[in-house]
Amino acid sequence: MSLNSTDFGLTTLQVNSGFSKILAEKFEAKIARFERVGMGLFGVANCFVTFGRVVGRSGLTERSITEMEAAFSDEFPLSDEVLVLSDLSADAEFGQHRFVAGPPMIRFFASFPVYGQDGKLVACLRLLDYQSHVFNDEQRLLLADLAIMVERELALSAVCQNQLELMKQNRRLKRDTLVDPLLGTWNKPAIVRSLRLEMERCAKAGKPMSLLFLLPDQIAELRVKHGMVLTDQILVRMVSRIRSCIRPFDALGRFDNDQFLIVLPGASRLVVMAVAERIRLSVMMHSEWIENAEVALTVCVGLASTDVYPDADPEILISLAEKALLSAKRVGNNTVVQAMPGQPDMMI
């Protein structure tokens, strides 16, 4: 059984550099650091921080010296007892052990308990060597100090893991406040925020950006005739079709009731027209069966682009797309209209 290999690394969360360094190091690496300190501090051949079993942890064959040492350590269960066996060859119980009487001929073994935050035993700090050692009070105190350092590292790792979980929960909660609970699209504040950010990015990069304002033609009538539940199910399926017609990084949001706003960064007026046509055809080709009757679905779409209105701010661009949508509705169902200078109601 290997050590708990939880990776506390953060790649998407922006936290202070000290916390990032703590979370970036894998648990095994933290434990290995203490084992190296133990070997150097006490001048022993090996040091293990064991949580019950260390055989197999090295990845070496069972005939390797490290795995023999691990196997010997594993024969001692985790214990609250402080154990120091200065000369195993002279020990009545372990003198004839195969790893003492024969290769690798272990001579010294020590074990010190390591406790968790709740005061319960969670691990042991083990020392092994091939010559005998007489541990005085100072060395026993050093071993206790090292065990306390391991305990603090375990506590810190637990705190960091809890902090990471809280961050993830906060991100999920924040996301939930920005997502329409029925459709899974962004809600109005979120899609407007996305529009502002993308307009700023595209302006800095010298790229166009387009808006697509969409309204399902039959939804209001269906809601009156068939109720909320059935109509919402239809709307969910329609949104899925709309989503399949746009790019993964395009933002789709529910703007007002049954109106949808789609932000297409980098899209010119020609590109957004092609996207709108793709959406219009996709919706039109998927009729719904309601009470054994086929019901055709269509959408009206209004478009606005920064390559047509380079000086428009987010509010003006939304207003232009909304006016284009109203023009599409006046023309009739299943219509796409692009905001252009000179058109009625398109002056800014």
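Look at strand 1 and you'll find N46, F48 and T50 pointing one way, with C47 and V49 pointing the other way, and all of them buried. Buried here means under 20% relative accessible area, exposed means over 50%, and partly exposed lies in between, using a 1.4 Å probe and protein chains only. In a regular strand the side chains alternate between the two faces of the sheet. Strands are DSSP runs (E, at least two residues) and helices likewise (H or I, at least four), numbered from the N terminus.

A word on the source: this is a predicted model, where local features need pLDDT of at least 70 and side-chain atom pairs count only at pLDDT 80 or more, while totals for chains, interfaces and linings use all residues. Residues are numbered from 1 along each chain as its sequence is written, and side-chain values use heavy atoms, leaving out hydrogens and water.

Since five of the five residues of strand 1 (residues 46-50) are buried, the strand is largely enclosed by the rest of the structure. Strand 1 runs antiparallel to strand 4 (residues 121-129), and five bridges join them; two strands pair if DSSP finds at least two bridges between them. V49 has L125 as its bridge partner in strand 4.

Now for some buried side chains:

| Residue | Relative accessibility |
|---|---|
| C47 | 1% |
| C202 | 6% |
| E198 | 15% |

As for disulfides (cysteine sulfur atoms paired within 2.5 Å), the count is zero.

E198 sits in helix 6 (residues 188-205). Leaving aside residues up to four places away in sequence, E198 touches M209, V263 and P265, where contact means heavy atoms within 4.5 Å.
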